[in-house]
Amino acid sequence: SALVLARLTLSQEGIVKILTHERSSYVLINLSSALCGHNPGSSMNAAFAVGRLLEREDARSKLLSMKNFKNTMTALTKMLYNKEAGPRKNACFAFSCLANSKEGHDRLLGNVNSELILDQLVRLITDTDDETAWFAAVTLRSDCSQKEGVFRLRDHKSVYTVLKKLVRGGGVKLKHDLLTEVKMTLDILGRLPKLPAPIMTAINSFSVSARWESIIATTNNRVIYQLFQGCTCVYEGSKTSTTVKNLKPFTSYVFRIRATNSSDEGPYSGPALITTNEGVPGPPGEVHNEGKPQHNSIKISWTLPPNPNGTLTGYNIYCDGKRVGVVGTDKQSYTVKDLPHSTSIPIQVAAVTAAGEGEKSVPIKCSTLNLSDYPPKKPILSTSGGANEINVSWIDPPKQLGPIDHYELVMNGEVIYSGKEQDFRVSNLEPLTNYTFNVRVVTADKYVIESEPARKKAGSKGKVRSSTTGAINKRLDQSQSLAVTPRPLTTLY
């Protein structure tokens with residue numbers, strides 16, 4: 001029956017018939033039992049049939065799920081140690097088919113006879129029977145189909161040494177097929193070299209390019225490269241260059257490269273340090289309105305941008321969207337001048353690097369001094385001196401902007417007095433005529449604040465009376481001699 005099953009497994013149709021037979025499980029159990037029989041021919045046929053079934057996924061799954069598969073492994077191990085070449089060869093074939101799948105490979109490595117199997121395969125690869133040696137070599141190479149198998153063979157006391165000796169010759173000339181299998185296994189077991197550090201080039205503020213040396217792939221064991229940015233793999237593939245994106249401007253990064261294949265992970269290269277190009281900076285930190293309000297200027301200050309993205313070269317100051325000033329990095333404050341008084345205006349700051357101007361800060365509303373908050377009282381008017389005279393007096397403002405330099409008295413739009421006194425007699429007025437008076441307070445800082453108007457009608461016609469005090473006459477003479485001429489004083493109303 002083992003011979004019949006062996007012949008059926010020569011074709012896929014035959015394997016399907018076995019798997020779909022109504023007593024398929026019984027057939028497979030008996031096939032496993034045949035391995036343990038005393039008939040060498042029957043054992044060889046059963047081992048061949050098991051190998052063929054293990055090559056097919058659905059059949060392999062069914063065999064591995066059987067409770068007696070451990071017995072199958074034990075029987076195949078005993079056949080591997082048989083004195084006859086035939087059983088040894090067929091056992092090697094079955095083990096090689098088992099090792100070619102991840103599921104079967106795990107079962108092989110986990111078997112209690114795993115070390116016994118490997119030790120015998122190393123002996124058989126030097127067997128004088130070329131076919132036996134070739135089957136053993138194929139099985140060893142199949143054991144390298146998974147990384148765990150590679151590590152297992154590398155750790156073995158003699159696998160690598162024996163294979164190297166066979167390749168060197170040692171007085172024995174190997175057949176081509178056997179030599180090919182041995183070389184393929186050695187290539188898989190060979191360690192990948194340490195690559196030089198990758199060559200990095202900054203492309204812009206957000207990306208860099210990387211390139212590295214290649215390794216010649218050996219015997220269908222394709223080399224895969226892994227590029228690491230710090231501890232994160234940012235590229236994995238067979239190419240020897242790539243572009244790393246989504247980086248931060250003006251930031252240093254460390255990259256390493258290593259080679260891998262299906263059987264090994266090479267050591268990391270040395271580090272390669274690269275800094276991305278400068279970018280435009282982020283907005284400055286907090287912007288503040290500094291000091292007391294002024295009538296025509298605003299002083300601001302700011303903190304450094306949290307994300308400078310480069311070496312700062314200066315700052316641009318914007319007032320209501322228009323650039324009004326530029327300062328270097330040695331300053332973090334600026335006074336915006338020549339502004340109208342009693343005005344609220346948005347101010348922003350933008351940092352600058354070699355890459356250009358960055359994002360502006362959030363606008364802050366700043367206000368110049370509101371002079372209407374410091375008005376003098378309207379002048380006090382009386383006509384007790386004479387019919388064509390009006391006495392004008394005034395008091396200090398209840399709320400002062402600063403030290404007072406002098407006062408100005410304005411009549412009908414013209415300045416008729418400028419000085420420190422706080423009273424004045426106006427003479428030679430037109431009888432029964434209305435007059436309007438304002439008092440201006442001029443501060444030491446040259447602020448000019450004007451009072452609300454006061455109005456008075458002159459009396460009827462009569463002789464013009466002279467002032468009874470020299471001081472008043474003197475002030476009158478001074479007022480008569482005052483000419484309305486341009487002054488360096490800036491008058492704000």
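**A loop asparagine, then the rest**

I started with Asn246, which sits in the loop between β5 (241-244) and β6 (252-261). Helices here are DSSP runs of H or I with at least four residues, strands are runs of E with at least two, and both are numbered from the N terminus. The model is predicted, so I kept in mind that local features need pLDDT of at least 70, side-chain atom pairs count only at pLDDT 80 or more, and totals for chains, interfaces and linings use all residues. Residues are numbered from 1 along each chain as its sequence is written, and side-chain values use heavy atoms, with hydrogens and water left out.

I checked the backbone of Asn246 and found a positive phi of about 60 degrees, although it is not a glycine. Is Asn246 buried or exposed? Asn246 is exposed, at 77% relative accessible area. For the record, buried means under 20%, exposed means over 50%, and partly exposed is in between (1.4 Å probe, protein chains only).

Asn428 also went on my list, with a positive phi of about 60 degrees and again not a glycine. Its place is the loop between β21 (423-426) and β22 (434-443). Asn428 is partly exposed, with a relative accessible area of 49%.

Next I went for helix packing. Two packed helices are described by the angle between their axes and the distance between the axes. The axes are lines fitted to C-alpha atoms, for helices over the stretch in contact, and the angles run from 0 to 180 degrees between N-to-C directions.

I took α7 (residues 85-99) against α9 (residues 114-124): the angle is about 125 degrees and the axes are 12 Å apart. The two helices are therefore oblique to each other. The cut-offs are under 35 degrees for roughly parallel, over 145 for roughly antiparallel, 65 to 115 for roughly perpendicular, and oblique for the rest. The crossing of α7 and α9 is left-handed, meaning that the near helix is turned anticlockwise from the far one by less than a right angle.

Which residues of α7 and α9 meet? From α7 I noted Arg88, Cys92 and Phe95, and from α9 Ile117, Gln120, Leu121 and Leu124. Contact means heavy atoms within 4.5 Å. By class, the α7 and α9 contact has five nonpolar residues, one polar and one charged. Ala, Val, Leu, Ile, Met, Phe, Trp, Tyr, Cys and Pro count as nonpolar, Asp, Glu, Lys and Arg as charged, and the others, Gly among them, as polar.

I looked at Gln120 of α9 on its own. Gln120 is buried, with a relative accessible area of 9%. Beyond its neighbours within four places in sequence, Gln120 touches Leu80, Tyr81 and Arg88.

Phe95, Leu98 and Ala99 of α7 make the contact with Gly104, His105 and Leu108 of α8. I sorted these contact residues into four nonpolar, two polar and no charged.

**Cores**

Where is the largest nonpolar core built from? A nonpolar core is a set of buried Ala, Val, Leu, Ile, Met, Phe, Trp, Tyr and Cys residues joined through side-chain atoms within 4.5 Å. The largest has 58 residues, and Leu35, Leu80, Phe95, Leu98 and Ile125 have the most contacts inside it. Helix α7 gives the most to this core, with eight residues. I also found a second, separate core of 19 residues, including Leu192, Met200, Tyr225 and Ile274.

**Other bits**

In α11 (residues 147-155), I found Gly149, Val150, Arg152, Leu153 and Arg154 buried. Their cover includes α8, α9, α10 (130-143), α12 (159-168), α13 (176-189) and β7 (264-265).

Ile416 lies in strand β20 (residues 414-419) and is buried, at 13% relative accessible area. Its C-alpha atom is 9.9 Å from that of Phe437, 21 residues apart along the chain.

Last, I looked up His21, in the loop between α2 (12-20) and α3 (24-35). His21 is partly exposed, with a relative accessible area of 42%. The C-alpha atoms of His21 and Lys377 are separated by 118 Å.
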